[in-house]
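Here is a short briefing to read alongside the sequence and the 3D view. Please keep both open as you go through the points.

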Amino acid sequence: MNAIVAVCSDWGIGHKGALLVHSKADMHRFVELTMGGTVVMGRHTLESFPGGPLKGRRNVVITHNPAALPEGVVGVESPAAALEAVAADDPNKVWLIGGESVYRALLDKCTRVFVTKFDVEKPADAFFPNLDDDPAWKVESVQDGGTTTKGTHFSFVTYARQ
Ligand SMILES: NC(=O)c1ccc[n+]([C@@H]2O[C@H](COP(=O)([O-])OP(=O)(O)OC[C@H]3O[C@@H](n4cnc5c(N)ncnc54)[C@H](OP(=O)(O)O)[C@@H]3O)[C@@H](O)[C@H]2O)c1
């Protein structure tokens, strides 16, 4: 399983249920990488998608109350149950897509983390663990992403577990 996340300079990822920075290039990359695979997420992250479950991907959603989930998603009651739900999948096509609680619960099951790093800080109430401070992770590649329409520079950084 791999994780994919968009972070600000302080590893902030969200505020009041929403993303911090919007970038079409980042969105396209997210779709390109995850399409055809399985996405694993927490219930808040599902609710943050304006169009509901992500199309063209199997949506595995962690919640204490799977009966309340919309149709078209696979509801599971714990991070461990999410792992069981994806056990038969090609691990390269399983994507941990957040939010904070789910990243923290399952990051140690991930082989790679695809990070979009925005060179800006924004008020945040959800964070991703700082991989630069964790010797378990090393930068494998860095690619310039360009700038958002608001002029924020960003890069695509892939971390691999050591
Ligand atoms: N920048 C990015 O790349 C990115 C990506 C994804 C999300 N985000 C942001 O992250 C924020 C959301 O993060 P979050 O941590 O609040 O929400 P989350 O992880 O998406 O969802 C939390 C919910 O997942 C369920 N859950 C989590 N752990 C569980 C467990 N052990 N057992 C059973 N259910 C469990 C619970 O649902 P129930 O309450 O239904 O039981 C919990 O309320 C938002 O601001 C979002 O925009 C950012």
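Does Cys110 count as buried or exposed? Cys110 counts as buried, because its relative accessibility is 1%, and the cut-off for buried is under 20%. Please bear in mind that this is a predicted model.

**Cysteines**
- You will find zero disulfides in the structure.
- For orientation, a disulfide is a covalent bond between the sulfur atoms of two cysteines.

**The cavity**
- Searching the whole structure for cavities of 30 Å³ or more turns up one.
- The volume of the largest cavity is about 50 Å³.
- Cys8 belongs to the lining of the largest cavity, together with Ala6, Val7, Gly12, Ile13, Leu19, Leu20, Val21 and Phe118.
- Two strands, S1 (2–7) and S2 (12–14), each contribute at least two residues to the lining of the largest cavity.
- By residue class, the lining of the largest cavity has eight nonpolar residues, one polar residue and no charged ones.

**Around Thr158**
- Thr158 sits in strand S10, which covers residues 153–161.
- With a relative accessibility of 6%, Thr158 counts as buried.
- Beyond its neighbours within four places in sequence, Thr158 is in contact with Arg29, with Arg112, Val113 and Phe114, and with Lys138, Val139, Glu140 and Ser141.

Note on methods. Residues are numbered from 1 along each chain as its sequence is written. This is a predicted model: local features need pLDDT of at least 70, side-chain atom pairs count only at pLDDT 80 or more; totals for chains, interfaces and linings use all residues. Side-chain values use heavy atoms; hydrogens and water are left out. A disulfide is a pair of cysteine sulfur atoms within 2.5 Å. Buried means under 20% relative accessible area, exposed over 50%, partly exposed in between (1.4 Å probe, protein chains only). Helices (H or I, at least four residues) and strands (E, at least two) are DSSP runs, numbered from the N terminus. Contact means heavy atoms within 4.5 Å. On a 1 Å grid over the protein atoms alone, a cavity is a set of points where a 1.4 Å probe fits but cannot get out, and a pocket is an open set with protein on both sides within 12 Å along at least five of seven lines; lining residues have an atom within 4 Å of a point. Grid points are joined across faces, edges and corners, and a volume is the space filled by probe spheres set on the points. Ala, Val, Leu, Ile, Met, Phe, Trp, Tyr, Cys and Pro count as nonpolar, Asp, Glu, Lys and Arg as charged, and the others, Gly among them, as polar.
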